[in-house]
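Subject: Handing over a structure, with notes

Dear colleague,

I am passing a structure on to you, and below it you will find my notes on what came out of it. Please look through the structure first and then read on.

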Amino acid sequence: KVIGALRLYHRDVWDISEQDLDSLLLLAEIIGLAMNYTRLLNALKSVKETVGEVHTVWLNSGSG
């Protein structure tokens, strides 16, 4: 699944070797994994905050 694009610039014309291309593809995959990890982490933090708020409401409503 494509989630972004990686654009590279070089001051000189650059003939990309197979090894360079493999390295760049690996870099793009690692960046994609980091983006997905960050998205997942943010979602988990949001769920944690929501559960914490709901838990507080449940505790307060049961003490009356």
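Buried residues account for 3% of the 64 residues in the protein chain, and please keep in mind throughout that this is a predicted model. The protein chain exposes about 6,200 Å², of which carbon and sulfur atoms supply 61%.

As for the overall form, the secondary structure of the protein chain comes to 1 helix and 0 strands. The radius of gyration of the protein chain is 22 Å, well over the 11 Å that the globule rule gives for 64 residues, so the chain is more spread out than a compact globule. The C-alpha trace, taken along its principal axes, spans about 75 × 20 × 15 Å. To give one distance within the chain, the C-alpha atoms of Arg 11 and Tyr 37, which are 26 residues apart along the chain, are separated by 33 Å.

Arg 11 itself belongs to the segment before α1, and with a relative accessibility of 81% it counts as exposed, because the cut-off for that class is over 50%. Arg 11 also takes part in a salt bridge with Asp 12, in which the closest N and O atoms are 3.7 Å apart, and the structure holds 1 salt bridge in total.

Turning to the helix, α1 covers residues 18-62, and Asp 20 is one of the residues that lie in it. Which residues does Asp 20 contact once its neighbours within four places in sequence are left aside? They are Trp 14 and Asp 15. Asp 20 counts as partly exposed, at 27% relative accessibility.

A colleague

Note on methods. Residues numbered from 1 in each chain as written. Predicted model: local features only at pLDDT ≥ 70, side-chain atom pairs only at ≥ 80, totals over all residues. Heavy atoms only, no water. Helix = DSSP H or I, 4+ residues; strand = E, 2+ residues; numbered from the N terminus. Salt bridge = Lys/Arg side-chain N within 4 Å of Asp/Glu carboxyl O. Buried < 20%, exposed > 50% of the residue type's maximum accessible area, 1.4 Å probe, protein only. Contact = heavy atoms within 4.5 Å. Rg over C-alpha atoms; globule rule 2.2 N^0.38 Å. Areas by Shrake-Rupley, 256 points an atom, 1.4 Å probe, with all protein chains shown as cover.
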